[in-house]
Amino acid sequence: MSALAKSNRTLGLVIALGLLCVVGAATAGERFASLDNLLTVLRLASVIGVVSVGMTFVITGGGIDLSVGAIVALSSVWATTIATQSMAEDFHWIVMVGCALLVGAGCGLVNGLLVAYGKIAPFIVTLAMLAGARGLAEIIANRRTQIVRDQGFIEFFGGSVLGIPVLVLVFALVAAGGWVLLNRTTFGRRTLAIGGNPEAARLAGLKVARHTTLLYVLLGLACGIAAVMLMARTTTGTSTHGGLYELDAIAAVVIGGTLLSGGRGTVVGTVLGVLIFTTLTNVFTLNNLDTSTQAVAKGVIIVIAVLLQQRLANRAGESHAR
Amino acid sequence: MRGIVKLFPGVRALDGVDLGVRPGEVHCLLGQNGAGKSTLIKVIAGAHRPDAGEIRWRGEAVALADPQAATELGVATLPQELDLVDGLSVADNIHLGHEHARFGFTRRGRTARATTELLERLGHAEISPSAEVGALSAAQRQIVSMARALSHDASLLVLDEPSAVLDQREVERLFTVIRELTAQGVAIVYISHRLEEIREIGDRVTVLKDGRTVAGGLDVESTPTPEIIRMMTGRAIEYVFPPRSNKIDDAEPMLEVRELALRGAFNGVSFDVKPGEIVGLAGLVGSGRSEIVETVYGARKATGGTVSVDGEPLRPGSVPAAVAAGIGLCPEERKSQALVLGDPVSHNITMAMLDRGGFLDFAAERAAAEELVGALDVRPSDVDREVRTLSGGNQQKVVLARWLLRECRVLLLDEPTRGVDVGARSEIYALVRDLARRGVAVVVVSSEIEEVLGLADRVLVVAEGRVLHAAPAAELTEHDVLDIVLRGIVLRGDAA
């Protein structure tokens with residue numbers, strides 16, 4: 001895709017988001033077009049946004065991860081359980097955060113090793129992780145919801161800096177970091193090359209298996225961060241956290257313009273995709289439409305977006321032929 | 001029955017080919033790689049439509065619009081890669097697409113009986129109709145394919161290098177089957193590189209070269225082997241090869257390959273390449289030449305032997321180790337193995353540099369790409385262009401540029417001019433020679449023997465996974481090489 005087509009795509013996403021906002025303002029008026037509501041949308045978008053940025057890397061590298069929701073759940077449960085069990089005086093919430101990140105990265109490492117070195121299809125590996133991690137979360141939690149009581153933790157992540165919620169800041173940092181990593185480093189270029197043609201990348205001397213593993217670790221880490229954010233937002237850790245995150249994240253990535261077949265990825269598009277979905281949910285909620293209607297709308301939007309994407313890809317293909 | 005006549009002038013791949021096959025004969029089709037054999041078979045099978053010419057079947061002009069039309073006439077083709085479904089049984093494979101069925105339910109008993117009959121007709125009743133095809137040997141799979149052809153009442157059977165995957169005993173049994181079929185009136189078109197097989201089984205032979213019929217329907221018995229080889233090699237297009245450089249005999253070898261082996265592909269391969277020297281590997285498809293360079297490069301893990309660059313042995317089976325030691329590979333399948341087609345020229349050139357971490361330097365990347373595109377005269381010279389839009393020759397230059405940027409000391413070229421037009425070929429030859437002159441050790445693999453002979457300083461002749469002969473390129477002719485390969489005779493000469 002040429003630079004022009006790429007900027008066209010991004011423009012299309014911005015227009016779609018703008019239209020949604022117009023609809024929101026027209027139907028819900030003040031309740032939609034307020035600073036409070038804007039911050040609510042951003043706060044909601046931030047958790048799934050972090051996961052989606054990580055997902056962008058895995059999909060760009062030619063893979064897929066269905067286990068992100070389960071990894072978020074396991075990370076949150078594991079971290080909160082450690083916090084509950086060690087009520088010692090000197091327990092600092094940073095240990096809890098570290099635990100969530102480690103568990104997330106660890107799950108990603110298992111996924112990555114099985115995909116890259118075990119040579120099992122990522123769909124299968126992460127499907128197994130989806131079942132396994134969610135199950136392990138239930139075992140650890142004993143099907144009970146753990147409450148986060150550490151006030152330091154709640155205050156830190158629940159707070160704001162210059163009026164911007166910390167959760168939104170975390171999302172912004174992850175997105176900015178992801179953009180730099182994908183577009184400005186050899187790591188990002190390797191990801192594109194491996195997703196575009198893994199055999200060519202291998203024969204050019206790139207360590208394809210190691211890099212693929214790293215991509216899944218990166219996404220696992222993003223899931224750990226998302227778990228921490230979710231723990232702060234809900235003050236709970238439970239095995240039901242992160243339900244259907246895999247679908248939301250993949251949908252946001254695909255709508256954003258990252259090719260599901262790999263080799264082409266955009267962090268900006270993913271962020272816009274997340275914002276479109278979250279704003280949609282917000283508009284529906286403000287208009288008192290139930291979640292089932294939202295789901296139908298989401299499905300329609302995904303299909304339209306992918307149809308448009310194929311149309312664009314075909315047009316790009318035709319211009320080469322000429 | 002009067003046989004078939006085909007004429008296709010106009011197509012580049014087939015530039016006026018005549019082929020006449022009589023019922024009940026074994027007609028051998030000979031020609032070097034790229035002579036047009038595969039295209040001709042596809043026309044016979046109805047997979048390609050000829051742009052001109054005429055196909056007559058039993059005296060009547062027919063149009064083979066699609067493979068179904070060919071099947072209905074009674075033409076069946078066995079490609080080198082048999083199109084069987086591994087997970088289905090022998091009986092199901094044979095009757096795939098025309099099952100014995102009533103009301104949509106398959107009639108298993110009848111299918112099994114018909115299968116047994118067909119297998120008996122082929123003299124291979126020992127194959128069970130209920131066996132899973134994936135579990136059969138290569139020879140048995142061939143029989144199943146033939147049975148499928150016979151189930152369509154085929155009266156013309158095209159066998160594309162059937163002996164390539166068989167051992168000597170299996171080939172003998174295949175010949176028995178072929179003789180039984182011809183006795184029943186089935187005509188066979190038999191393709192093979194092994195001249196001795198053609199002597200044994202063939203009745204008549206047609207030789208193709210550069211898409212033309214050199215000799216049509218010669219009697220095998222009365223045509224001597226050297227005469228056939230001469231017809232296969234007679235040159236049509238002259239390529240311009242750069243002059244060879246001066247002797248570099250006193251230098252230490254840059255690349256040393258010792259007793260390299262890959263199970264099932266090749267054995268005991270040893271050779272040296274000095275800086276500035278071009279060594280060519282000549283041999284036919286399936287001789288193991290591509291496997292040898294891929295193993296040297298670490299893309300396949302050697303089962304024995306060593307590869308050293310500048311005296312340092314390499315870790316086997318590791319491409320990154322080979323690249324770090326200064327080896328570069330331009331692989332056989334440029335599009336699927338070397339390039340990210342949707343990415344710009346510049347990204348493709350810098351790809352081998354990405355093993356270093358850190359931030360991208362766009363200005364430096366651009367400058368390096370533009371310099372190389374200029375030096376190698378890649379056209380168009382726009383480095384932002386998607387590499388898929390370039391011609392084959394320019395794509396190959398992009399791959400060469402990748403290794404120039406990496407300053408490789410050993411360059412392995414597998415089919416460097418496949419899909420490259422005549423003009424760009426000469427440019428690539430000149431580039432390769434220029435690299436050698438700058439001290440790079442080069443290994444060239446090509447199925448075009450004249451390319452190896454013209455470009456290389458020294459040539460190794462490879463057949464069936466062994467190096468049969470090594471000699472300076474100037475002392476060999478195309479005729480010699482084919483002779484060595486086809487007769488499998490080891491001539492005198494130093495072992496590498």
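Q: Is the crossing of H4(A) and H5(A) left-handed or right-handed?

A: This is a predicted model, where local features need pLDDT of at least 70, side-chain atom pairs count only at pLDDT 80 or more, and totals for chains, interfaces and linings use all residues. Residues are numbered from 1 along each chain as its sequence is written, with chains lettered from A and ligands numbered from 1 in the order in which they are written. A crossing is left-handed if the near helix is turned anticlockwise from the far one by less than a right angle, and right-handed if clockwise. H4(A) and H5(A) cross in the right-handed sense.

Q: At what angle do the axes of helix H4 and helix H5 of chain A cross?

A: Two packed helices are described by the angle between their axes and the distance between the axes. Axes are lines fitted to C-alpha atoms, for helices over the stretch in contact, and angles run from 0 to 180 degrees between N-to-C directions. Helices (H or I, at least four residues) and strands (E, at least two) are DSSP runs, numbered from the N terminus. H4 (residues 93-116) and H5 (residues 122-141) of chain A cross at roughly 150°, and their axes come within 9 Å. That makes H4(A) roughly antiparallel to H5(A). The cut-offs: under 35 degrees is roughly parallel, over 145 roughly antiparallel, 65 to 115 roughly perpendicular, the rest oblique.

Q: Which residues make the contact of H4(A) and H5(A)?

A: Two residues are in contact if their C-beta atoms, placed from the backbone, lie within 7 Å. H4(A) uses Cys107(A), Val110(A), Asn111(A), Leu114(A) and Val115(A). H5(A) uses Pro122(A), Val125(A), Thr126(A), Met129(A) and Ala133(A). By class, this contact of H4(A) with H5(A) has eight nonpolar, two polar and no charged residues. Ala, Val, Leu, Ile, Met, Phe, Trp, Tyr, Cys and Pro count as nonpolar, Asp, Glu, Lys and Arg as charged, and the others, Gly among them, as polar.

Q: How do I read the axes of H13 and H14 in chain B?

A: Take angle and distance again. H13 (residues 362-375) and H14 (residues 392-405) of chain B cross at roughly 120°, with axes that come within 10 Å. That makes H13(B) oblique to H14(B). The crossing is right-handed. Ala368(B), Leu372(B) and Val373(B) of H13(B) meet Ala401(B), Leu404(B) and Leu405(B) of H14(B). These residues are six nonpolar, no polar and no charged.

Q: Which residues does a cis peptide bond join?

A: Most residues other than glycine have a negative phi, and most peptide bonds are trans. Here a cis bond joins Arg379(B) and Pro380(B), with omega about -5°. Pro380(B) sits in the loop between H13 and H14 of chain B.

Q: Where is Thr235(A)?

A: Look in the loop between helix H10 (208-234) and strand E4 (236-237) of chain A. Phi of Thr235(A) is near 50°, a positive value in a residue other than glycine.

Q: How many residues does the contact take from chain B and from chain A?

A: Chain B gives 27 residues and chain A gives 19 residues. Helix H10 (319-324) and helix H11 (334-338) of chain B each supply at least two residues of the side that touches chain A. That side of chain B divides into 14 nonpolar, seven polar and six charged residues.

Q: How many helices and strands are there in chain A?

A: Chain A has 13 helices and four strands. Chain B has 17 helices and 22 strands.
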